[in-house]
Every structure is written in structure tokens, then in C-alpha cells.
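Student: I'd like a close look at a single part of this protein, please. Pick one and tell me about its geometry and its surroundings, and then about the rest of the chain.

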Amino acid sequence: KMEEEGHFYLAEPLPRPMETDFVQCVLPGEAIVAEQGFLRGHGTYVEDDHLVASVSGVIERVNKLVSVRPLRTRYVGEVGDVIVGRIVEVGAKRWRVDVNAKQDAVLLLSAINLPGGAQRRRTESDALQMRSFFIEHDLISAEIQQFYGDGTMVLHTRNLKYGKLEGGQFVSVPSSIIKRVKNSFNTLPCGVDVIIGSNGYIWIYPTPGSTETAQVTREKIARVRNAIVLLGKFFLPVFPDTIMDVFNASHQVALKDMHKPDVAPRLVALARQREG
């Protein structure tokens, strides 16, 4: 670094970032190794024919397009994403839903399943009974149907697998570490189900039909929850395989010790080695 008139600036781009099996992280001003004929994406700029990061984040490559996704950012959804959200307001024929984005999403009365799966037009009677469907602070699973012109997400819960979430544990991680997989509804080998929302909100609950005792089930849910929190703490991708890596390693220690500074790095060691 050099100083001039009280300001600091970089004399030259920093060396290439450290690579891991999972992600390649860069800091602002750090040079990005890119193939000839690269295309500059978000979070980058060109300096002396070198591609340089303008934000701190993870490098993403799509063919020749190179961009940097900020490490800490609000969720940016896509049509078809499965999300977990929290009802924050009941309005006129719609609910406002917190989805960890820059603005709340909207769930219209016409976009939910009526009791018994009835297929009909929503009536004024349905509008008056909206609180019998969802109320403030309810957790729901839903899918992004479309976007309004101002960027507001429009959700729907018409599929029977979507709707109110009860009898489980909620946990939140940065949306940028959620690995996109084909199925957001997963049954883990340990006998616990998880809904991994693309927005970083995750719901953990007992596998339906499980014959295990309530105490065993609660401990498994707690271990899965702690495993996900550790993945978020070490900024490792969250998907079923990495969750199980940490869960299986956690059997070496007591549940309450999983977050100890001298224990946590050992529990995520295998998850670090797994290729995303």
C-alpha cells in the first residue's frame, strides 16, 4: 500500500485469492484469474486488462461470465425457488411475508390451498377468515411464482407440500451459502426432514411416521440445527451431504459442546473437504 495526501490506495492488484474445494473468495481490489475473452459481471471491474473484484465475496463463473457474489447480502430470488418465510402482516386479500430479501414478499389469498383442497374462486367470506389460514409470526413454505414491477416477490402455496410449518425447529443462515439442489424437501439418513429454503431460512422437523421416542427425535433435530449453524459460521455450503458430515462428526461430543471454539473446527473438517 502507498499513502498520498492522507489516502491509502493499492499500488497493484493483490495476488490471486486462496482456492478451496468449495468456493473462491476474494476481497475488494483482489485480482481474479480469468480465461482469455472473459466477460465482466457484477462485483467486478477491469484495471490494466486484469479483472478485479469490487466487493468482498465468492467468485461465480458461468461460461466466460465472471462475477462476484457478496458474502453478506440479502436474498435475491428466482421464479421457482422454494423458500421458508414468516408472516409479518395480514392485509387485504394478501399476507406480507419476510423472506430474508430487501423487501417483503406477498402471498395472495387466491394463491393458497383452501381447506380440503377445494378448487373455487375466493369469496368475501374467505377474505374475512384469512386469519384462520395464516396469522402474524406463522412460518410457511412456499414457491416464488412471479415478480411485480417493483421487484416484490409473489408467492404461492397451491401445492399440498407447501403451507404452514409446525412442530419443528427454525434456523437461519446466509442465503449465499445455500447450495441449489433439485429438491428443497429432504429426508436425512438420521431420520430428520429439512426444508432448505433458497433464501437461507431452514425448517427442521421429525420425519413423518417415525417410531423413535420424542427425546431421541428432539436430540437429532438439535444436532442437525447445530450442524447447520456451524456450516453458516464457517461459511460452508449448506446441503444435505454437508449437514450429515457435521451431524455424524458431532457424535464424538456432547450436544452442548458442538459450538466450543476447540471443537467446532473438527466437526466441519469433513464438510470442508467435500466438493460442492
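Tutor: Happy to! Helices (H or I, at least four residues) and strands (E, at least two) are DSSP runs, numbered from the N terminus.

Before we go on, please bear in mind that this is a predicted model, in which local features need pLDDT of at least 70 and side-chain atom pairs count only at pLDDT 80 or more, while totals for chains, interfaces and linings use all residues. Residues are numbered from 1 along each chain as its sequence is written, and side-chain values use heavy atoms, with hydrogens and water left out.

Now, which residues of α2 are buried? They are T217, K220, I221, R223, V224, N226, A227, I228, L230, L231 and G232, where buried means under 20% relative accessible area, exposed over 50% and partly exposed in between (1.4 Å probe, protein chains only). When you read that list, remember that an α-helix has 3.6 residues a turn, so residues three or four places apart point the same way. The cover over these buried residues includes the strands β16 (169-172), β18 (192-196) and β19 (201-206), together with the helices α3 (240-249), α4 (264-267) and α5 (269-273). After α2 comes F235, with a positive phi near 55°.

Stepping back, the protein has 5 helices and 19 strands, and 44% of its 276 residues count as buried. Among contacts (heavy atoms within 4.5 Å) between residues at least 6 apart in sequence, 58% join residues at least 24 apart.

Elsewhere, β10 (residues 82-90) is worth a visit. Two strands pair if DSSP finds at least two bridges between them; β10 has 5 bridges to β13 (residues 139-147), running antiparallel, with V82 opposite E143. A further 4 bridges link β10, again antiparallel, to β11 (residues 94-98), where V90 faces W95. The hairpin of β10 and β11 has 3 residues between the strands, and K93 there takes a positive phi near 60°.

Finally, an open sheet of 4 strands runs in the order β3-β8-β9-β5 with mixed pairing. Its edge strands, β3 (25-26) and β5 (39-40), each pair on one side only. β5 is joined to β9 (residues 65-70) by 2 bridges in parallel, and L39 has L65 as its bridge partner there.
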